[in-house]
Amino acid sequence: LQHVELSERLFGRLAARLSAKTFYSFADALQAPVRFGFKDAAAVSAAYQEHPLAWAGDTPVQAAWELEHLYLELADLGMEYFEDASLQSHCFDRILEISDAAERGYPKDPFLCEALYMRLFVFRERAEWDALRELCERLMGEYPDYRMMYAVEDFYETALEGLGLAVPEDED
């Protein structure tokens, strides 16, 4: 429970950067601390030292992706140690919300595929086979050079199996 409370505070700090009127990176805050609510560069550095993960991401989409990762990790830990399906569902909902917000706000961002990719984990775990297949096809069509394409292809096979459109290969 303490891990969850600490995580939510960290998530809140990262989410606050994402929802700020003007997004700022650590470098931005160091260059203009007063503009982003800090006394000086030393205050920015102290804030970073206190919560480095809250400063993840140099752009809004990168920060969104980092936040999605934190929620996925929390969902996994909640299930692994406590079998907490409610926490997992909450985390999955947040991943989808964050991904949707990144897509609405930054549809042309070259890093968007990373934020979209995180949806695949949610769709797989929730056995949403049509959504999984459709997103895989979208990623394959729109981002053919994506660094994680091999994993997208694996998710695609899982979706087809879930839909009964493919038979899993026999393992030797």
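Author: Rings of Phe, Tyr and Trp, the last by its six-membered ring, count as a pair if their centres lie within 6.5 Å. The model is predicted.

Reader: Which parts does the pair of Tyr-24 and Trp-55 tie together, and how many residues apart in sequence are they?
Author: The rings of Tyr-24 and Trp-55 are edge-to-face, at 5.8 Å centre to centre with 65° between the planes. Tyr-24 belongs to the loop between α1 and α2 (26-31), and Trp-55 to the loop between α3 (41-50) and α4, so the pair ties together parts whose separation in sequence is 31 residues.

Reader: Are Tyr-24 and Trp-55 buried or exposed?
Author: A residue is buried under 20% relative accessible area and exposed over 50%. Tyr-24 and Trp-55 are both buried.

Reader: Which helices does the pair of Tyr-117 and Phe-155 tie together?
Author: Tyr-117 and Phe-155 also form an edge-to-face pair, with 6.0 Å centre to centre and 80° between the planes. Tyr-117 is buried, as is Phe-155. The pair ties together parts 38 residues apart in sequence, because Tyr-117 lies in helix α6 (residues 112-125) and Phe-155 in helix α8 (residues 149-162).

Reader: Which residue lies over the face of Tyr-24?
Author: Ring pairs link Tyr-24 into a cluster with Phe-26, Phe-36, Phe-38, Tyr-48 and Trp-55. Over the face of Tyr-24, at 6.0 Å from the ring centre, lies Arg-17.

Reader: Is Asp-58 buried or exposed?
Author: Asp-58 is in the loop between α3 and α4. Its C-alpha atom is separated by 8.1 Å from that of Ala-27, 31 residues apart along the chain. The relative accessibility of Asp-58 is 56%, and the cut-off is over 50%, so Asp-58 counts as exposed.

Reader: How many disulfides are there?
Author: A disulfide is a covalent bond between the sulfur atoms of two cysteines. The cut-off for the two sulfur atoms is within 2.5 Å. For Cys-136 the closest cysteine sulfur, in Cys-113, is 13 Å away, which is too far for a bond. By this rule the number of disulfides is zero.

Reader: What is the relative accessibility of Cys-91 and of Cys-136?
Author: Cys-91 counts as buried, and Cys-136 counts as buried too. For Cys-91 the value is 0%, and for Cys-136 it is 0%.

Reader: Which helix gives the most to the lining of the largest pocket?
Author: The space in the largest pocket is about 210 Å³. Three helices each supply at least two lining residues: α1 (2-19), α4 (60-82) and α5 (85-105). With five residues, the helix that gives the most is α5.

Reader: How many charged residues does the lining of the largest pocket have?
Author: The lining includes Leu-18, Ser-19, Arg-94, Glu-97 and Tyr-106. By class it has nine nonpolar residues and one polar residue, and the number of charged residues is two.

Reader: How many helices does the protein have?
Author: The C-alpha atoms fill a box of roughly 60 × 40 × 30 Å along the principal axes. Of the 172 residues, 38% are buried. The elements run α-α-α-α-α-α-α-α from the N terminus on. There are zero strands, and the number of helices is eight.

Notes:
Residues are numbered from 1 along each chain as its sequence is written. This is a predicted model: local features need pLDDT of at least 70, side-chain atom pairs count only at pLDDT 80 or more; totals for chains, interfaces and linings use all residues. Side-chain values use heavy atoms; hydrogens and water are left out. On a 1 Å grid over the protein atoms alone, a cavity is a set of points where a 1.4 Å probe fits but cannot get out, and a pocket is an open set with protein on both sides within 12 Å along at least five of seven lines; lining residues have an atom within 4 Å of a point. Grid points are joined across faces, edges and corners, and a volume is the space filled by probe spheres set on the points. Helices (H or I, at least four residues) and strands (E, at least two) are DSSP runs, numbered from the N terminus. Ala, Val, Leu, Ile, Met, Phe, Trp, Tyr, Cys and Pro count as nonpolar, Asp, Glu, Lys and Arg as charged, and the others, Gly among them, as polar. Rings of Phe, Tyr and Trp (its six-membered ring) pair if their centres lie within 6.5 Å; planes under 30 degrees apart count as stacked, over 60 as edge-to-face and the rest as tilted. Buried means under 20% relative accessible area, exposed over 50%, partly exposed in between (1.4 Å probe, protein chains only). A charge sits over a ring if NZ of Lys or CZ of Arg is within 6 Å of the ring centre and within 35 degrees of the ring normal.
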